[in-house]
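This briefing is meant to be read alongside the sequence and the model. Please keep both in view while working through the points.

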Amino acid sequence: MAVQAPPKAERRVAPWPVSFYGTDVGKKVVMALTGLIGFGYVLAHMLGNLKIYLGESSLNHYGEWLREIGVPALPRGGFLWIGRAVLVVALILHVHAAWSLARTSRAARPSDYTKQDYVVANFASRTMRWGGVIVLLFIVYHLLDLTGGQANPDFVRGDVYGNVVASFERWPVAIFYIVANLALGLHLYHGLWSLFQSLGWSHNRFDPMRRSFAGVFAFVVTAGNISFPLAVMTGIVG
Amino acid sequence: MNLKLRVWRQAGIDAPGRLVDYRVEGVTEDMSFLETLDLLNESLIMSDDPDGPISFDHDCREGICGQCGVMIDGIAHGPQRATTTCQLHMRHYRDGDTILVEPWRSAAFPVVRDLVVDRGAFDRIIASGGYISVATGSAPEANLTPVPRPVSDESFTAAACIGCGACVAACPNGAAQLFTAAKLTHLNVLPQGQPERYERTRAMVDAMEAEGFGNCTNHGECEAVCPKEIPLGTIAKLNRDYIRASLRAPAKT
């Protein structure tokens, strides 16, 4: 009896990063890694901006130095643009994964409870999505205000110190900065703890420290960032 | 004591549901929550109520079978931690209290009738890999495979999962991560679970996602309502093993 060989499965398997991103756990891993990139950036951004307290020339010189990093191996401004490209890609992936995961989760609970009492979920964990939207809108405004200058009528390219002062002397802008940074702080507080779970970084030795780690760094970044508009509004800077 | 129960009534899987108020008289503080429902059902059977008695799942009534489980005033299994609905006693309530009782709500757990949901999705996750393959025959020598005590403790902590579904019910995202993570950790940390560790992880996580559960955002609600106190750390293990599994080439068949 002739045995017919089963037809060869002609299933095309997507390359690993694509197929991994296609799973929900994979998307969470991408969210954690891109979130880590974002955290590294906001921490460095805040620390660099502390130079505002050392005076006008210090901050402007720092701004100039950012363009010089890597010269002559890189063209002037090269490092800055590579950094921007990495951040934009990370942000797009972070937002896409969040949007996609939120849709799946919404579909998983088609009808709500008449009443649901949260036992341990905190304000930070429950505002991740809307807090993220606030931070996203803030990033757009922030770039138009202090990077491109389109939203800042007194913008002078290269005068970082003057631009910051001119921006925060408009109190609605300063208030928006403070609110957005509080949202960022909450987002970091939950994200910095959550990423350990998503990446599978759990161990009895350091598990109790994960919350404190998140709390300390979320506080440091938020306090530093909020100090800038407060310093301008109170006349300490400017 | 006399209580008012607001209970979800639903005639069938596709029927619309609604909350109905009932008065239950003569509840004593030593009754369990399920016995209170029994008491109400006794009066409903005798009455000419068109909805009839309230359907709810139950079996052992000693907190180990995983059959019972309802949302009580918005908390899965009610206000007492580490307790199944059957082990919740009425001493937590006062005369005149109103208690809201709803079924688990999840796209993957359709309501079959009243407070009964179909948790077949959990069975399908288990069937996809929640086992070890062994050669049958006479039982091997018991001490052939040494297991360090901390490892067996970790496995047993996860193996305590009774599959009641409270984690899914309490999760704001309707995710089944804690259940799947418990079933994976149970086998993945033991020597007997190693040969199929990554195939198992891949298969069970993929099965979980295919069932239409949501995604873990690390609120921790599942751990808080779990009657067996399965730790949230098992979910980190699930993620770690799934990342590793995805990096390994799938088995050629």
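Helices (H or I, at least four residues) and strands (E, at least two) are DSSP runs, numbered from the N terminus. By this rule, Asn218(B) lies in the loop between helix 6 (197-210) and helix 7 (221-225) of chain B. The model is predicted: local features need pLDDT of at least 70, side-chain atom pairs count only at pLDDT 80 or more, and totals for chains, interfaces and linings use all residues. Residues are numbered from 1 along each chain as its sequence is written, chains are lettered from A and ligands numbered from 1 in the order in which they are written, and side-chain values use heavy atoms, with hydrogens and water left out.

**Chain B as a whole**

- Chain B contains eight helices and seven strands, and its C-alpha atoms fill a box of roughly 60 × 40 × 40 Å along the principal axes.
- Of the 253 residues in chain B, 52% are buried; buried means under 20% relative accessible area, exposed over 50%, and partly exposed in between (1.4 Å probe, protein chains only).
- Chain B exposes about 11,300 Å², and carbon and sulfur atoms supply 52% of this area; accessible areas come from the Shrake-Rupley method with a 1.4 Å probe, and for residues only the protein chains shown count as cover.
- Among the contacts in chain B with a separation of 6 or more, 69% join residues 24 or more positions apart; contact means heavy atoms within 4.5 Å.

**Domains of chain B**

- The domain assignment divides chain B into domain 1 (3-112) and domain 2 (120-247); such bounds come from an automatic or database domain assignment.
- The centres of domain 1 and domain 2 of chain B, taken over C-alpha atoms, are 29 Å apart.
- Between these domains, 18 residues of domain 1 of chain B are in contact with 19 residues of domain 2 of chain B.

**Selected residues of chain B**

- Asn218(B) has a phi near 60°, a positive value in a residue other than glycine, and Asn218(B) counts as buried because its relative accessible area is 3%.
- Glu229(B) is not a glycine either, yet has a positive phi of about 50°; Glu229(B) is found in the loop between helix 7 and helix 8 of chain B.
- Glu229(B) counts as exposed because its relative accessibility is 52%.
- Ser246(B) belongs to helix 8 (residues 233-247) of chain B and is buried, at 16% relative accessibility.
- Leaving aside residues up to four places away in sequence, Ser246(B) touches Trp16(A), Phe20(A) and Arg202(B).

**Helix 3 of chain A and what follows**

- Helix 3 (residues 56-68) of chain A has 13 residues and reaches 19 Å from its first C-alpha to its last, close to the 18 Å expected at 1.5 Å a residue; the expected span is 1.5 Å times one less than the number of residues.
- Buried residues in helix 3 of chain A include Ser58(A), Leu59(A) and Tyr62(A), and their cover includes helix 2 (24-49) and helix 7 (160-168) of chain A.
- Helix 3 of chain A is followed by Gly70(A), with a positive phi near 85°.
- Pro72(A) lies in the loop between helix 3 and helix 4 (78-108) of chain A, and the peptide bond from Val71(A) to Pro72(A) is cis, with omega near 10°.
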